[in-house]
Amino acid sequence: MTRLFVNACMREDSRTERIARAWIERAWGADRYEELRIGEMDIRPLDSRSIALYNDAVARATYDDALFDVAKQFAAADDILMAAPVWNYGIPAKLHDYLELVCSQGVTFDITDTGEYASLCRAQRLTFVSTAGGPIPAGVDDHAFGYVRTLSNAFWHIPEVQFVYAESLDMLGADVEAKLLAALESHAS
Ligand SMILES: Cc1cc2nc3c(=O)[nH]c(=O)nc-3n(C[C@H](O)[C@H](O)[C@H](O)COP(=O)(O)O)c2cc1C
C-alpha cells in the first residue's frame with residue numbers, strides 16, 4: 001500500500017495542515033507515507049518550451065523526462081491525501097502547477113480509441129483537506145474541491161473522493177478549534 005500526502009499548505013501554523021496531520025494520525029497511524037511539500041518544490045507550469053517536450057513525449061509514449069516524475073508518483077499511490085487552503089475561491093497556484101503535471105496523458109490517464117478517459121492511477125481514495133476564511137457565498141462556484149473532484153472523477157476514476165473542510169475561520173469571534181475538530185470528526189476514518 002503506497003500512501004501519498006500532497007501538502008500544499010503554505011503558511012507556518014497552517015490550520016489546514018493541522019487537520020491534515022490529525023487525519024493522518026487517524027487514518028494512517030504509524031504507516032509509512034510519502035510527503036510532497038508543494039510550497040518548497042521547484043514546480044513550473046507548462047509553458048511554450050515545456051509544452052513541446054510534453055507533447056513530443058506523449059506522442060512517443062516515452063516518459064523518461066523528470067517532467068513526468070510527479071505524475072508517475074501520483075499514479076502509483078493507493079491512498080492520497082491532499083491539503084490546501086482556499087485561495088481566491090480556488091487552490092494555491094503552485095498546487096495547480098503540480099496538478100497540471102500530474103495530469104500527464106499516458107501516465108495518470110489515457111484516451112481510448114472511442115474518446116473516453118481511461119485511468120492509469122491505482123488510487124482507491126483521495127481525501128482533500130481544506131479551510132477557508134469565510135463562507136462560500138451563494139452564487140459563487142467552488143474552484144478548490146470542485147476542481148480536485150473533477151480531475152479525480154473524470155481522469156483518474158478514483159472511487160472514493162472525500163472532502164474534509166472547515167470554513168469561516170477568519171470571521172470575527174470564530175471558534176477555530178471547534179471548527180477544526182468538527183471538520184475532522186465528519187471524516188473520522
Ligand atoms: C492569498 C489568499 C487568498 C485567500 N482567498 C480566500 C477566499 O477566496 N475565500 C475565503 O473564504 N478565504 C480566503 N482566504 C483565507 C484563507 O482561506 C483562510 O485563512 C485559511 O484558513 C488559510 O488556511 P491556513 O491556515 O491553512 O493557511 C485567503 C487567504 C489568502 C492568504
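Ser 104 is buried, at 1% relative accessibility; buried means under 20% relative accessible area, exposed over 50%, and partly exposed in between, with a 1.4 Å probe and protein chains only. The residue is found in the loop between H4 and strand S4 (109-111). Its side chain reaches the backbone oxygen of Leu 101 at 2.6 Å. Such a polar contact is a pair of N or O atoms within 3.5 Å; within protein, one must be able to donate a hydrogen and the other to accept it, and residues adjacent in sequence count only if both atoms are side-chain atoms.

The model is predicted: local features need pLDDT of at least 70, side-chain atom pairs count only at pLDDT 80 or more, and totals for chains, interfaces and linings use all residues. Residues are numbered from 1 along each chain as its sequence is written, and side-chain values use heavy atoms, with hydrogens and water left out.

**Overall fold**

The chain has six helices and seven strands, where helices (H or I, at least four residues) and strands (E, at least two) are DSSP runs, numbered from the N terminus. Read from the N terminus, the order of these elements is β-α-β-α-α-β-α-β-β-β-α-β-α. The radius of gyration of the chain is 17 Å, close to the 16 Å that the globule rule gives for 189 residues, so the chain is as compact as a globular protein of that length. The radius is taken over C-alpha atoms, and the globule rule is 2.2 Å times the number of residues to the power 0.38. Along its principal axes, the C-alpha trace spans about 55 × 35 × 35 Å. Of the 189 residues in the chain, 43% are buried.

Asn 7 belongs to strand S1 (residues 3-7) and is buried, at 1% relative accessibility. A polar atom of the Asn 7 side chain lies 3.0 Å from the backbone nitrogen of Cys 9. Ala 83 is part of strand S3 (residues 79-83) and is buried, with 0% relative accessibility.

**The ligand site**

Which residues lie closest to the ligand? Among the 15 residues that surround the ligand, the closest are Ser 14, Thr 16, Val 86, Thr 131 and Asp 170; a residue counts as near if one of its heavy atoms lies within 4 Å of the molecule. The shell divides into six nonpolar, six polar and three charged residues. In this grouping Ala, Val, Leu, Ile, Met, Phe, Trp, Tyr, Cys and Pro count as nonpolar, Asp, Glu, Lys and Arg as charged, and the others, Gly among them, as polar.

| Residue | Protein atom | Ligand atom | Distance |
|---|---|---|---|
| Arg 11 | polar side-chain atom | oxygen | 2.8 Å |
| Ser 14 | N or O atom in the side chain | oxygen | 2.5 Å |
| Asn 88 | polar backbone atom | nitrogen | 2.8 Å |

Taken alone the ligand exposes 640 Å², and the protein buries 76% of that. Accessible areas come from the Shrake-Rupley method with a 1.4 Å probe; for residues, only the protein chains shown count as cover.

Asn 88 is found in the loop between S3 and H4. Although Asn 88 is not a glycine, it has a positive phi of about 50°. Asn 88 counts as exposed, at 77% relative accessibility. Trp 87 lies in the loop between S3 and helix H4 (93-102) and is partly exposed, with a relative accessible area of 42%.

**Cysteines**

How many disulfides are found in the whole structure? The search finds zero, a disulfide being a pair of cysteine sulfur atoms within 2.5 Å. The sulfur of Cys 103 has its closest cysteine sulfur in Cys 121, 8.8 Å away, which is too far for a bond. Cys 103 is buried, with a relative accessible area of 12%, and Cys 121 is buried at 14% relative accessibility.
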